[in-house]
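Subject: Structure for you to look at

Hello,

Here is the structure I promised to pass on. Please open it and keep it in view while you read my notes below.

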Amino acid sequence: MKLVTYLPFYRVHEVIEYFDKNVREIKPEEAIVYVDNVFHARQIEILKKIVPDSITVKTGNWRSRSGTWFTMLRDLQGSNEVAIMDSDNIIDSSFVEANSQMPYSMYTVLDREAWSRGAPNIMARSRLIGEINVKENKIPVYAYKIYEPNLLRKGTVIFIGPKQVVVYRKLPDPQIIDRVERAFLNVPSEFRQFINDEGVLGIMAYLSGIKEVPWIVISTHMHHGSEHPASGQRKAIVASAHIKFAKSLRKEFKLRSFTVYELKYMLSLIKNIHNLF
């Protein structure tokens, strides 16, 4: 297994705080960190001093989590098994045992903090499909419905569900990655950061023919704490970014689902646009 994480340069301390601990616990065949917002040679010098030699560092200036994902998924083509995790998470020591019991080409992980709060947005689109036994503990396995065309329900029309860790045994086809990225790059660069990577990953899974994504609870979210609560103004900007993305996806793939996706964010923009003034 390859264990991968990704983060912006200003959160590089999480490689030491969390990711290195995961690497030492899981002992993957290779550990890689992708660092965004790197554009100067001195930044690379800093990374070499900070990141342990056991972890491969790859850098870029994608300026968004989704932009970073396209590069990761392209780089990792040909890998037998990849676990890509959020940088502010600690995977349970039982992950390796649990992973061996998850017979899926792709599955994801929810953190127990969200689980303890009931994870209402996740549970609303999930169903119980089984359970696994890890260290004499039963862990339920759920499946998250990727595409939800009901405009009255909360949440994004196409969404991957939990994403603290995403395990791939079959990566998205390079053509799908390229075409979704092409649509994404049609969004103005300053807006791309407002398109959540859960949505982009859901879109690529959906285009790969996946209708539901299995998930389990087996990580601890340490919460990086660098973000602020969303304002009404931000919601209008987010909606604008998604509308542009949806229009580009519709032109690229000619699917009705992307029309529904666009309509969902048109309704959000109408609801929140007064906050801009």
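The second largest pocket holds about 180 Å³ of space. Keep in mind that this is a predicted model. In all, 13 residues line the second largest pocket. Closest to its centre are Lys-170, Leu-171, Pro-172, Ser-208 and Ile-210. Which helix gives the largest share of the lining? Helix 8 does, with three residues. By type, the lining of this pocket has nine nonpolar residues, two polar and two charged.

How do we find such spaces? A probe the size of a water molecule is rolled over the atoms, and this shows where empty space is left.

Next, the helix pairs. Two numbers describe two packed helices: the angle between their axes and the distance between the axes.

Helix 8 covers residues 197-207, and helix 7 covers residues 174-185. The two pack at an angle of about 135°, and their axes are 10 Å apart. That angle makes helix 7 oblique to helix 8. The crossing of helix 7 with helix 8 is right-handed. Which residues meet there? From helix 7 come Ile-176, Ile-177 and Val-180. From helix 8 come Val-200, Ile-203, Met-204 and Leu-207. This contact has seven nonpolar residues, no polar ones and no charged ones.

Helix 7 has another partner, helix 3, which spans residues 65-75. The axes of helix 3 and helix 7 come within 10 Å and cross at roughly 160°. Angles over 145 degrees count as roughly antiparallel, so helix 3 is roughly antiparallel to helix 7. Their crossing is left-handed. On the helix 3 side, look for Ser-66, Gly-67, Phe-70, Leu-73 and Arg-74. On the helix 7 side, look for Ile-177, Asp-178, Val-180, Glu-181 and Phe-184. The contact of helix 3 with helix 7 divides into five nonpolar residues, two polar and three charged. Find Ile-177 and Val-180 on your screen: both meet helix 8, and both meet helix 3.

The last pair is helix 9 (residues 232-253) and helix 10 (residues 256-272). Their axes come within 8 Å and cross at roughly 160°. Helix 9 is therefore roughly antiparallel to helix 10. Helix 9 passes helix 10 in a left-handed crossing. What kinds of residue make up this contact? Twelve are nonpolar, six are polar and four are charged.

Best wishes

Technical notes: Residues are numbered from 1 along each chain as its sequence is written. This is a predicted model: local features need pLDDT of at least 70, side-chain atom pairs count only at pLDDT 80 or more; totals for chains, interfaces and linings use all residues. Side-chain values use heavy atoms; hydrogens and water are left out. Axes are lines fitted to C-alpha atoms, for helices over the stretch in contact, and angles run from 0 to 180 degrees between N-to-C directions. Helices (H or I, at least four residues) and strands (E, at least two) are DSSP runs, numbered from the N terminus. Angles under 35 degrees count as roughly parallel, over 145 as roughly antiparallel, 65 to 115 as roughly perpendicular and the rest as oblique. A crossing is left-handed if the near helix is turned anticlockwise from the far one by less than a right angle, and right-handed if clockwise. Contact means heavy atoms within 4.5 Å. Ala, Val, Leu, Ile, Met, Phe, Trp, Tyr, Cys and Pro count as nonpolar, Asp, Glu, Lys and Arg as charged, and the others, Gly among them, as polar. On a 1 Å grid over the protein atoms alone, a cavity is a set of points where a 1.4 Å probe fits but cannot get out, and a pocket is an open set with protein on both sides within 12 Å along at least five of seven lines; lining residues have an atom within 4 Å of a point. Grid points are joined across faces, edges and corners, and a volume is the space filled by probe spheres set on the points.
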